[in-house]
Amino acid sequence: MMPFSRLFFICAFSSLGVAVMAEAASPPGAQGGDFGPPRGAPIRAVLTSPPAVPPPLHRNYPAKVIVELEVREIQKEISEGVTYTFWTFGGTTPGSFIRVRQGDTVEFHLKNHPDNKMPHNIDLHGVTGPGGGAASSFTAPGHESQFTFKALNQGIYVYHCATAPVGMHVGNGMYGLMLVEPPGGMKPVDHEYYVMQGDFYTVGKYRERGHQDFDMQKAIDEKPTYVLFNGSEGALVGENALKAKVGETVRLFVGNGGPNLVSSFHVIGAIFDRVRYEGGVHEQENVQTTLIPAGGAAIVEFHLRVPGSYVLVDHSIFRAFNKGALAILKADGPENKLVYSGKEVDSVYLGDKAANLAAVSEARSAEERGTLTKEQQMKAGESRFTGTCSVCHQADGKGVANVFPPLAGSDFLMADKSRAIGIVLNGLSGKVTVNANGYDSVMPPMSQLNDDELANILTYVRNSWGNSGDAVSAEEVKAIRNSTRRAEGAAH
C-alpha cells in the first residue's frame with residue numbers, strides 16, 4: 001500500500017497540473033471566455049452614433065469581427081451660435097460605439113479622411129498590448145491602417161486618439177467607447193444609451209458667439225470653457241432628450257473622455273439599481289452618484305417608477321448649470337403618487353436647457369442679417385427667461401410677495417433702462433422700493449450670460465405683463481459690461 005505522504009504529494013501535483021492547464025487555456029486576467037480561433041465567416045461590426053448602442057450580439061462563439069472607423073475633422077455647433085472644429089471618430093463626439101464579444105478576434109481598420117489636416121491614430125483601452133493599438137494605427141490624411149487584436153477582457157472601455165499632442169487630440173473630441181460583452185451576453189433591458197462626458201477649451205468665453213478655436217493654455221491649466229455630454233449643449237436636451245417609459249429599465253454606458261476632469265455622474269430623481277464601476281465586472285447597488293475618471297467608463301442601470309424629466313448631470317454642479325454638463329431623459333407613463341407627488345421637475349434643474357432654442361436661433365440669424373426685430377428679441381428672451389430668471393421672478397413676472405419684487409408692471413424696472421441692465425449684469429443687494437412696496441433681498445449677478453442673451457431677456461421683461469418700453473440692444477449691454485470694473489477672476 002502506498003504511504004499516505006506519497007499519495008498526498010501525487011494528488012497535489014495532479015491538481016496543480018490541472019490548474020496550470022486551465023490557466024494556459026484562458027489568458028491571465030481574462031474573465032472566462034472562449035479564446036480559441038474565430039469560427040464562422042468574418043462579421044462586419046455594427047457601429048452606432050451616440051446616443052445609440054448597437055444591438056446585443058446573441059452569439060455563443062468567438063468570431064472574427066471587422067471594425068472600420070473613419071476619422072473626420074468637422075466644424076459644428078458646440079453651443080447655440082458657437083461653432084468648433086471637432087476631431088472625431090466616425091463624424092461624432094463621442095465616436096462610434098463598438099460592440100464585440102469576449103474572445104473575438106478584431107480586425108481593426110482606421111481610415112483618415114483625405115480632407116483632414118492632421119495625422120491620427122487610436123488607443124483602445126480594451127486592447128492588450130503596448131499602446132493599445134496606437135503604434136500600429138498612426139495614419140496620415142488619405143491613408144488607412146490595419147491591425148488585429150484579441151478581445152480578452154469583458155467590460156466597457158474607452159478609446160481615444162494618442163497622436164501628439166495627445167491632450168489636444170482628446171480635447172478636440174477624439175474618444176469613444178467599446179463594449180466587450182461577456183460570453184453569455186448581458187442581462188436584457190428595455191433601453192441602452194451611450195453617453196460620454198468631455199471637457200472643452202475654447203479661446204472665447206462660455207457661449208461667446210461665432211467660431212471658437214482650441215485654447216492650449218486653458219487645457220494645460222485644466223480650466224474648461226465647456227463640460228458636455230455627447231459633444232454639445234444641445235446633444236441630449238429638448239427634441240434630442242433620451243426617452244423611456246414608466247416601468248422600463250434603462251442601461252447607460254457612460255464614459256469620460258476627459259482630457260482632464262473626473263466626472264461625478266448623477267441622475268436627478270433616480271437611484272442606480274446597479275453600477276459596474278470603472279467599467280469592470282463588479283457591481284455596486286443603490287448608488288446615488290458614481291465617479292468616472294478621465295479615460296474611464298461605467299455601466300449604470302435604473303428602472304423608472306414615475307414619469308417626468310430625469311436630469312443627467314456631472315454633480316460637480318457648476319459644470320452642469322454653467323458649463324453645459326446636463327442631459328435629459330424623458331419618461332412617459334402613468335403617475336404613481338404613492339412614490340412621488342407627480343410635480344414635474346423644478347425649472348431650477350432644467351434651467352435654460354428646457355428653453356425653446358428655435359426662437360433663440362431665429363433671433364441670432366436675424367441679428368447677423370441686420371433684420372432683428374423687437375418681437376424676435378422678445379421670443380428669444382422668453383426662452384432664456386424661463387430657464388434663467390423664472391425661478392425667483394415667476395413665469396408671470398409677479399415675483400414672490402415680500403421676497404422678490406415683481407417685474408410685472410414694475411415702476412422700478414421701467415424707470416431707468418441703463419440701471420436695469422447694470423442690475424442684471426452686476427447684481428443688486430439691499431433695499432429697493434417697487435410699486436410703493438419695500439423689498440430687501442439679493443439678486444446675484446448674471447454676467448455669465450452673453451450680451452445677446454441679456455439684451456433679449458431685458459427686452460422681453462420690459463415689454464411683458466403690462467410693461468411697455470423700447471428694445472435693449474446687445475451694444476447697450478456690452479457698453480455697460482465694459483464700463484464695469486471687476487476684480488481679477490470675477491465673472492466677465
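This is a predicted model: local features need pLDDT of at least 70, side-chain atom pairs count only at pLDDT 80 or more; totals for chains, interfaces and linings use all residues.
Before anything else, one definition: when I say that two residues are in contact, I mean that heavy atoms lie within 4.5 Å.

Hi everyone! Let's get the overview first. The chain has 492 residues, and 49% of them count as buried. Its secondary structure comes to 12 helices and 23 strands. Now look at contacts between residues at least 6 apart in sequence: 69% of these join residues at least 24 apart.

Let's start with helix α7, which runs over residues 374-388. From the first C-alpha to the last, α7 reaches 20 Å, and that is close to the 21 Å expected for its 15 residues at 1.5 Å a residue. Which residues of α7 are buried? They are Q376, Q377, A380, G381, S383, R384, F385 and G387. And what covers them? The cover includes α6 (357-369), α8 (390-393) and α11 (451-461).

That brings us to α11 and a helix it meets, α12. The axes of these two come within 8 Å and cross at roughly 115°, and α11 passes α12 in a right-handed crossing. On the α11 side the contact is made by D451, D452, L454 and A455, and on the α12 side by A474, V477, K478 and R481. Sort the residues of this contact by class and you get four nonpolar, four charged and no polar ones.

Helix α12 (residues 474-483) also packs against helix α10 (residues 417-426), at an angle of about 65° and with the axes 10 Å apart. Here, too, the crossing is right-handed. If you want to find the contact on your screen, look for K417, S418, I421, G422 and L425 in α10, meeting E476, V477, I480 and R481 in α12. The classes in this contact are four nonpolar, two polar and three charged.

Now for the strands. Strands of a sheet pair through backbone hydrogen bonds, either parallel or antiparallel.

As an example, Y194 has F253 in β14 as its bridge partner.

There's another open sheet, with four strands in the order β4-β9-β8-β6, and its pairing is mixed as well. At its edges are β4 (98-101) and β6 (123-124), each pairing on one side only. Strand β6 pairs with β8 (residues 155-160) in the antiparallel sense, over two bridges. In that pairing, D123 has H160 in β8 as its bridge partner.

One last stop: D221, in the loop between α3 (216-220) and β12. Its relative accessibility is 39%, which is why D221 counts as partly exposed: that class lies between under 20% for buried and over 50% for exposed. D221 and N260 are 39 residues apart in sequence, and their C-alpha atoms are 9.6 Å apart in space.

Technical notes. Residues are numbered from 1 along each chain as its sequence is written. Side-chain values use heavy atoms; hydrogens and water are left out. The expected span of a helix is 1.5 Å times one less than its number of residues. Buried means under 20% relative accessible area, exposed over 50%, partly exposed in between (1.4 Å probe, protein chains only). Axes are lines fitted to C-alpha atoms, for helices over the stretch in contact, and angles run from 0 to 180 degrees between N-to-C directions. A crossing is left-handed if the near helix is turned anticlockwise from the far one by less than a right angle, and right-handed if clockwise. Ala, Val, Leu, Ile, Met, Phe, Trp, Tyr, Cys and Pro count as nonpolar, Asp, Glu, Lys and Arg as charged, and the others, Gly among them, as polar. Two strands pair if DSSP finds at least two bridges between them.
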